Amino acid sequence: MSSIEQTLSIIKPDAVERKLTEKIKEKFLENKLTIKNQKKIQISKEEAAEFYKVHQTKPFYDRLCSYLSSGPIVVMILEGEKAITLNRKIMGATDPKKADDGTIRKEFGISIDKNSVHGSDSTGNAKKEIEFFFK
Ligand code: CDP
Ligand code: MG
């Protein structure tokens, strides 16, 4: 049974700054995801705080929001068969040190906070996150 999904991807400031945008997009394309919409933007700390609200009780929340708003990011809608879990697989584990070979975070991530990409983790969050940036 086919299940085409959409998910939200963000290329984070560390990767945009190091000019890795095209290399990261290639990872999605070679794994059969298509890029339906994309834009390069910079968000405010308040917007980052809204986007990452699920993490508001975490010790890293303030640092995370400062970081995501610290420079340009590329936000994209990715589409494909089981796109949400496929994208998470292409990204690799949150901590680049624990990510599998060939994943974006393993190849390009610097640290657990500067880990180059964000990807939605569920159908509900994918819908919310796409609406946050593209509605
Ligand atoms: O991004 P992912 O869904 O893999 O991880 P998360 O647990 O939802 O955490 C969101 C983001 O917070 C991560 O991508 C990291 O950038 C950051 N984080 C951090 O800075 N320090 C931690 N101990 C855990 C997460
Ligand atoms: Mg997450």
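## Surroundings of ligand 1

In this predicted model, ligand 1 is surrounded by Lys-12, His-55, Phe-60, Arg-63, Leu-64, Arg-88, Thr-94, Arg-105, Ile-112, Asp-113 and Asn-115, where a residue counts as near if one of its heavy atoms lies within 4 Å of the molecule. Sorted by class, this shell holds three nonpolar, three polar and five charged residues, with Asp, Glu, Lys and Arg taken as charged, Ala, Val, Leu, Ile, Met, Phe, Trp, Tyr, Cys and Pro as nonpolar, and the others, Gly among them, as polar.

## Polar contacts and burial

The side chain of Asn-115 places an N or O atom 2.9 Å from a ligand oxygen, a polar side-chain atom of Lys-12 lies 3.0 Å from an oxygen of the ligand, and Asp-113 contributes a backbone N or O atom at 3.3 Å from a ligand oxygen. Ligand 1 taken alone exposes 510 Å², of which the protein buries 81%, with areas from the Shrake-Rupley method and a 1.4 Å probe.

## Overall fold

The protein has seven helices and four strands, which follow the pattern β-α-α-β-α-α-β-α-α-β-α along the sequence; these are DSSP runs, H or I of at least four residues for helices and E of at least two for strands. The C-alpha trace spans about 40 × 30 × 25 Å along its principal axes.

## Basis of the values

Residues are numbered from 1 along each chain as its sequence is written, and chains are lettered from A and ligands numbered from 1 in the order in which they are written. Local features need pLDDT of at least 70 and side-chain atom pairs pLDDT 80 or more, while totals for chains, interfaces and linings use all residues, and side-chain values use heavy atoms, leaving out hydrogens and water.

Key. A polar contact is a pair of N or O atoms within 3.5 Å; within protein, one must be able to donate a hydrogen and the other to accept it, and residues adjacent in sequence count only if both atoms are side-chain atoms.
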